[in-house]
Amino acid sequence: MTENGRFTRDKVLTIDTMNPTIKKVDYAVRGPIVQRAVQIEKELREGVKKPFTEVIKANIGDAHAMGQQPITFFRQVLALCCYPELLNDNMFPEDAKNRARRILQACGGSSIGSYTASQGIDCVRQDVARYIERRDDGVTCNPDNIFLTTGASDGIVTILKLLVCGEGTTRTGVLIPIPQYPLYSAALAELAAVQVNYYLNEEKCWSLDLCELERSLEEARKYCNPKVLCVINPGNPTGQVQSRQCIEDVIRFAAKENLFLMADEVYQDNVYADGCQFHSFKKVLFELGPEYSNTVELVSFHSTSKCYMGECGFRGGYMEVINMDPEVKAQLSKLVSVRLCPPVPGQAILDLVVNPPQPGEPSYNTFIKERTATLSGLAEKAKMTEEILNTAPGIRCNPVQGAMYSFPNISLPEKAIKEAKALGQAPDMIYCMKLLEETGICLVPGSGFGQKEGTYHFRMTILPPRDKLKPFQYASQHVTANWPHIPALTN
Ligand SMILES: Cc1ncc(COP(=O)(O)O)c(C=O)c1O
């Protein structure tokens with residue numbers, strides 16, 4: 001007891017005593033701009049007058065939040081799984097009911113509320129394996145190599161955990177593309193691994209240069225033990241789709257340099273540009289022949305969150321591990337068992353993604369219609385985003401070949417750069433903050449993803465409805481032109 005009759009004691013957990021690696025974690029996609037956007041929305045609801053009436057959230061790849069409609073069949077099966085009484089209701093098609101029964105039979109006590117095997121429900125893993133075989137033109141897939149995950153994020157972090165070890169110059173280095181999806185830098189910071197940057201080539205539509213990979217690896221060998229190479233294809237935030245040749249080169253490079261490959265393929269159905277096609281790392285690996293397919297260690301990741309599904313809230317996903325040392329695989333099984341199992345509704349949605357309605361089944365036509373409408377809507381918006389951005393003065397945008405983002409280059413006035421630096425802030429952070437305050441458009445500054453020194457960008461999703469993308473070109477011009485004259489925003 002101390003003065004005023006109040007109990008006090010020093011806190012055990014303070015900013016100085018907490019785990020220092022957590023303090024290094026940064027995740028721009030939900031950073032200060034988004035926090036301010038939430039505040040602005042509240043102010044608008046309270047009647048505060050602004051030069052706009054709503055916040056346009058072009059910051060995050062959350063398709064449903066931006067109006068994308070869920071696939072009816074998926075939601076019907078989920079509804080039936082969650083409330084099996086509905087199996088007696090004739091508003092649901094027979095194929096949805098059959099799917100729900102199959103999933104429920106695989107659950108303990110026939111309830112989606114029970115734990116499942118830690119690696120995921122058996123029949124779902126089998127369906128995933130068959131999906132991969134169809135996708136990869138018959139390259140075989142063993143369901144034992146499939147681990148269901150809590151979104152792709154969980155799988156990526158789990159594999160990184162297995163890989164990181166050593167001290168000082170023997171600490172594990174992980175090569176990641178720059179610009180990158182900040183899950184990677186965040187996970188590496190948390191695990192105290194060494195982040196090794198390789199820069200994508202903006203002049204060549206954000207493609208991956210082998211020379212740059214070599215440079216980055218050689219450099220890293222001076223200060224750490226680089227043993228992992230991460231690739232994101234199609235790319236976030238840069239929207240590029242890798243050519244087959246490039247994937248082949250990357251695999252040969254990984255084989256020669258003894259690197260463990262991680263292929264993030266969550267946007268595998270989001271390919272829009274003419275002449276671009278998704279090639280899985282697994283398929284290319286096997287096409288290179290046994291010298292590669294029997295040796296190169298590869299883990300690839302997929303998710304229910306993107307593509308035409310957008311079911312990110314269900315947290316479904318899987319990873320396929322190839323050529324993993326059996327003893328390590330046993331450790332992986334142990335590690336995932338500590339967290340019991342991925343969310344079962346997410347596993348159920350994943351099952352439907354990898355095994356959708358078939359021709360002749362009652363839900364087939366609607367499924368195809370809905371999937372096609374969503375994907376063609378995204379393709380149209382990818383084109384439109386690129387066109388709008390390229391007509392805005394001072395903005396240069398590469399074609400959005402795939403995924404759900406553009407990552408344009410912005411020319412900022414010298415004065416603006418100086419002003420930002422004097423404030424100790426990234427110039428593109430101030431640009432995005434001004435744009436938000438002036439127009440209600442919420443973006444993520446390029447500095448949150450990494451970019452070449454002296455260049456500035458932002459990431460904008462292609463998800464907002466068409467009419468909401470249009471005002472962008474004038475908004476951007478306004479912000480750049482008026483930069484030095486908006487004192488309230490530079491505070
Ligand atoms: C490249 C990439 N990988 C992984 C993820 C994580 O997705 P999930 O929702 O499956 O965890 C995202 C999400 O935006 C992403 O863009």
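Here are some questions and answers about this predicted model.

Reader: Which element gives the most to the side of domain 1 that touches domain 2?
Author: The contact takes 35 residues from domain 1 and 33 residues from domain 2. On the domain 1 side, α1 (20-23), α14 (364-391) and β10 (405-406) each supply at least two residues. With five residues, the one giving the most is α14.

Reader: Where does the largest nonpolar core lie, and why?
Author: That core has 125 residues, and V77, L261, C432, C442 and L443 have the most contacts inside it. Domain 1 and domain 2 both give residues to this core, so its place is between them.

Reader: Leaving aside neighbours within four places in sequence, which residues is C442 in contact with?
Author: C442 is among the core residues with the most contacts inside the core. Once those sequence neighbours are set aside, its contacts are I33, V34, A37, V55, I56, K57, A58, N59 and L436.

Reader: Which helix gives the largest share of the shell around the ligand?
Author: There are 14 residues around the ligand, and G151, A152, S153, S303 and S305 come nearest. By class, the shell has six nonpolar, seven polar and one charged. Three residues, the largest share, come from helix α6 (residues 151-163).

Methods
Residues are numbered from 1 along each chain as its sequence is written. This is a predicted model: local features need pLDDT of at least 70, side-chain atom pairs count only at pLDDT 80 or more; totals for chains, interfaces and linings use all residues. A nonpolar core is a set of buried Ala, Val, Leu, Ile, Met, Phe, Trp, Tyr and Cys residues joined through C-beta atoms within 7 Å. A residue is buried if 20 or more other C-beta atoms lie within 10 Å of its own, exposed if 12 or fewer, and partly exposed in between; C-beta atoms are placed from the backbone. Domain bounds come from an automatic or database domain assignment. Two residues are in contact if their C-beta atoms, placed from the backbone, lie within 7 Å. A residue is near a molecule or strand if its C-beta atom, placed from the backbone, lies within 6 Å of it. Helices (H or I, at least four residues) and strands (E, at least two) are DSSP runs, numbered from the N terminus. Ala, Val, Leu, Ile, Met, Phe, Trp, Tyr, Cys and Pro count as nonpolar, Asp, Glu, Lys and Arg as charged, and the others, Gly among them, as polar.
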